[in-house]
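Good morning, everyone, and thank you for making the time. Please have a look at the picture first, and then I will walk you through it slowly.

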Amino acid sequence: MKLTLRVWRQQNADADGAMSTYEVDGISSDMSFLEMLDTLNEELILKGEDPVAFDHDCREGICGACSLVINGDAHGPERTTTCQLHMRSFKDGDTIDIEPWRASAFPVIKDLVVDRSAFDRIIQAGGYITAPTGAAPEAHAAPVPKPDADFAFEHAECIGCGACVAACPNGAAMLFTSAKINHLNVLPQGAPERETRVLDMVAQMDEEGFGGCTLTGECATACPKGIPLMSITSMNKEWLRATRKVAKR
Amino acid sequence: MTSYVDYETGAPVGDGKAPEGPIDERWDKRRFEAKLVNPANRRKHTVIVVGTGLAGGSAGATLAEQGYHVVQFCYQDSPRRAHSIAAQGGINAAKNYRNDGDSVHRLFYDTVKGGDFRARESNVHRLAEISVEIIDQCVAQGVPFAREYGGLLDTRSFGGVQVSRTFYARGQTGQQLLLGAYQALSRQIAAGNVEIHPRTEMLDLIVVDGKARGIVARDLITGRIDTYFADAVVLASGGYGNVFYLSTNAMNSNATAIWRVHRRGAYFANPCFTQIHPTCIPRTGDHQSKLTLMSESLRNDGRIWVPKAKGDTRPPNQIPEDERDYYLERIYPSFGNLVPRDIASRAAKNVCDEGRGVGPGGQGVYLDFADAIERMGRKAVEAKYGNLFDMYQRITDEDPYEVPMRIYPAVHYTMGGLWVDYDLQTSIPGLFAIGEANFSDHGANRLGASALMQGLADGYFVLPATINDYLARNPHQEAVTAGHPDVREVVAETEGRLEKLLAVDGDRTPDSFHRELGELMWEFCGMARSDSGLRKALERIPQIREEFWRRIKVPGTGEEFNQSLEKANRIVDYLELAELMCLDALHRSESCGGHFREESQTPDGEAARKDDEFSYAAAWEFTGTGEAPTLHKEDLVFEYVHPTQRSYA
């Protein structure tokens, strides 16, 4: 098929950006969206033009590197990562808009590549269980009820791609932050740091300049891993509980 | 200049660090004999760790917990994204929770046998011992392993073994283990014990007075080339499967770190030992940029078959039961669909070569879940494999609950890598290699669910114990600075290479060269290798290399975010490494594990080892680009597992 692409081009963080238009031809419906961009880039290189920069790595939907807003939707029209989106979701003659994640906490580095290090700093603020190597008790010492283990897993699936932030009209990082808090706080191993974890991670999230949450729900709709919107509710509950408990101390 | 194939054999290389004595006491003994660094002195030592996958992430976190100052690098935008994250199936551990006869010794035995007797016994035994601690460690970190209703951990079985020792987190075990290591690392970053450099790629090693003292790295955002100094350098940069262009590796996984240190003197061992994974989604066309694996765990319940007749193009559901060939169950009745990876891959190739392959181009076999769905019910299959089925459907637009999956082998893992001793130290003092970057534990074939085990064993437990010994014996060396002549030389070389890439301004893209090399390697150094094929590849590679330096086109400059430059620079190294892989494959005229030489097979077409000639690890020493390298042999001694011809029938 033949497509018209309108792509956000921006030389670097300080430069102004703009949409540029490109035509691509001979696109197969079996191609992934990124393979379609590879095709464009091969042509641009041979023409002596700068290829379009975009983040990608595993191309299996698990590393969380790819991050495109396609026709206004984070990761495009299907509920998956950009790398797992295939051209069969589009038709011959389509015009496709391709933009980077848009959020003040994710500044653009070049073209479609953004800086998501704010997510790392949220994890550094408390998204872990303190368990130095060598200090672990026997794995079966603390059984975890299956429903709790499943709840933890459901939230641990987050790939840290940032689609939730990109989709949110407020640029909030509530879904990302809550996913990690819920994963760890439900487990017996996570209990000792339950309160500090939620308080510190939420404080860091605010400090990074993410927006506030108005429970629009766009985040959960965009999430390629299906982290549920209720995750935010659980985090709010954890936060209130922790605030009360810490105040009592 | 001598011809590349006329290599010389140098002095044998010995593993001077593995203690003698009973095998189950060696690791304890080594830990006791290793010198320690006084806790108060540790913060004065800087250790560089390159890579943040399972091995690098766990090593960085653990070294920092011990009190060392860690400076860590990854090319990704975050240390959470290394390709360990894509491992699906699970992690082995000799916990024997099933009471099914498992033990440390059995895991050790299975791994040595699975590796076709080309791994070091001492290393493998240590790995099996540590496996049980890894599960404890990961559970303590909150890794959400699959559990049973009683709250205890669930396990499943994997190829090449007859016990159920694989712990898993649905089809995302690698992701969950990696996030555990990443979170431990994040804690140390927050504490100021680890200085992290994301989007920074190591381009060379700094060796001063024969010891590894730092690295040259490029900031991928600004293009700035910087030097970083340390008392020891740890490479956890992964394998080199991307030499083949199409593989299950991440797009940016690369061999530059290991190849550059090889050029600086580190021996490269068994480069031809690559693993072709039997269950990947077949390619759909020339646009294919990578291949996606379907976890081997699917072979627990899926049945592999092709039509009995050649060129049978009927849809699978119209092929009656008695016209199907469940070839693995037929040829290997006791292991059936769970034979080791190399055997399953080769069998798939054989039936496709016979003209019985399915799907476009006949490059595929069926992996059928109809029986499993009938036996367990669709719900149970969904619970076990749901995300894998979804992934398959998304990529192929076919519903595996209704139509059998089509699978075909693809390059997946590299058992070869930097030669290391029992301490995981390379032949350059102060340079260590862990995880897939080293060659040590899997011999000629890795068993499923053992890569995660090895990465974490190396990172959490082995390296943090052995590196002490080196640091204690090499205390407070004179500081190296950017002004040191050796450092200036390496930096100038690196800058020169990048400038040269940008200056050619030819007419071919980096990808076009990578693809050409990959196709050549897949054809001649893939699932089956022959003397004549390898010689053809060895003739062709230098020609591609010459053409590369004449016709490569890299747009932009070096002083900016430039993904084409990153790619081109990695291809420079693939073009040299590929040659060594072919030479190693040529010199090893036996078949073993993933290395199948057509000239060396049993009458039934199985791999025939030649223990008299090849019971050694081949450690190659670099002598110059395109120059014949020097071979150093490390003899393998088997005291506990007697080498036999592997049989899974």
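This is a predicted model: local features need pLDDT of at least 70, side-chain atom pairs count only at pLDDT 80 or more; totals for chains, interfaces and linings use all residues.

The secondary structure of chain A comes to eight helices and seven strands, where helices (H or I, at least four residues) and strands (E, at least two) are DSSP runs numbered from the N terminus. Residues are numbered from 1 along each chain as its sequence is written, and chains are lettered from A and ligands numbered from 1 in the order in which they are written.

Along its principal axes, the C-alpha trace of chain A spans about 65 × 35 × 35 Å. Of the 249 residues in chain A, 52% count as buried, and by that I mean that 20 or more other C-beta atoms, placed from the backbone, lie within 10 Å of the residue's own.

Let me turn to the domains, whose bounds come from an automatic or database domain assignment. For chain A this gives domain 1 (3–110) and domain 2 (116–248), and their C-alpha centres lie 29 Å apart. Between them, 18 residues of domain 1 of chain A are in contact with 17 residues of domain 2 of chain A, two residues being in contact if their C-beta atoms, placed from the backbone, lie within 7 Å.

How many residues does each chain bring to the contact between chain A and chain B? Chain A brings 66 residues and chain B brings 60 residues. On the side of chain A that touches chain B, H1(A) gives the most, with seven residues. By class, that side has 31 nonpolar, 18 polar and 17 charged residues, if we count Ala, Val, Leu, Ile, Met, Phe, Trp, Tyr, Cys and Pro as nonpolar, Asp, Glu, Lys and Arg as charged, and the others, Gly among them, as polar.

Finally, in chain B, helix H3 (residues 54–66) and helix H12 (residues 451–473) pack at an angle of about 20°, with their axes 8 Å apart; axes are lines fitted to C-alpha atoms, for helices over the stretch in contact, and angles run from 0 to 180 degrees between N-to-C directions. H3(B) and H12(B) are therefore roughly parallel to each other, a term for angles under 35 degrees. Among the residues that meet there are Leu54(B) and Ala55(B) in H3(B) and Leu452(B) and Gly455(B) in H12(B).

Definitions and conventions. Angles under 35 degrees count as roughly parallel, over 145 as roughly antiparallel, 65 to 115 as roughly perpendicular and the rest as oblique. A residue is buried if 20 or more other C-beta atoms lie within 10 Å of its own, exposed if 12 or fewer, and partly exposed in between; C-beta atoms are placed from the backbone.
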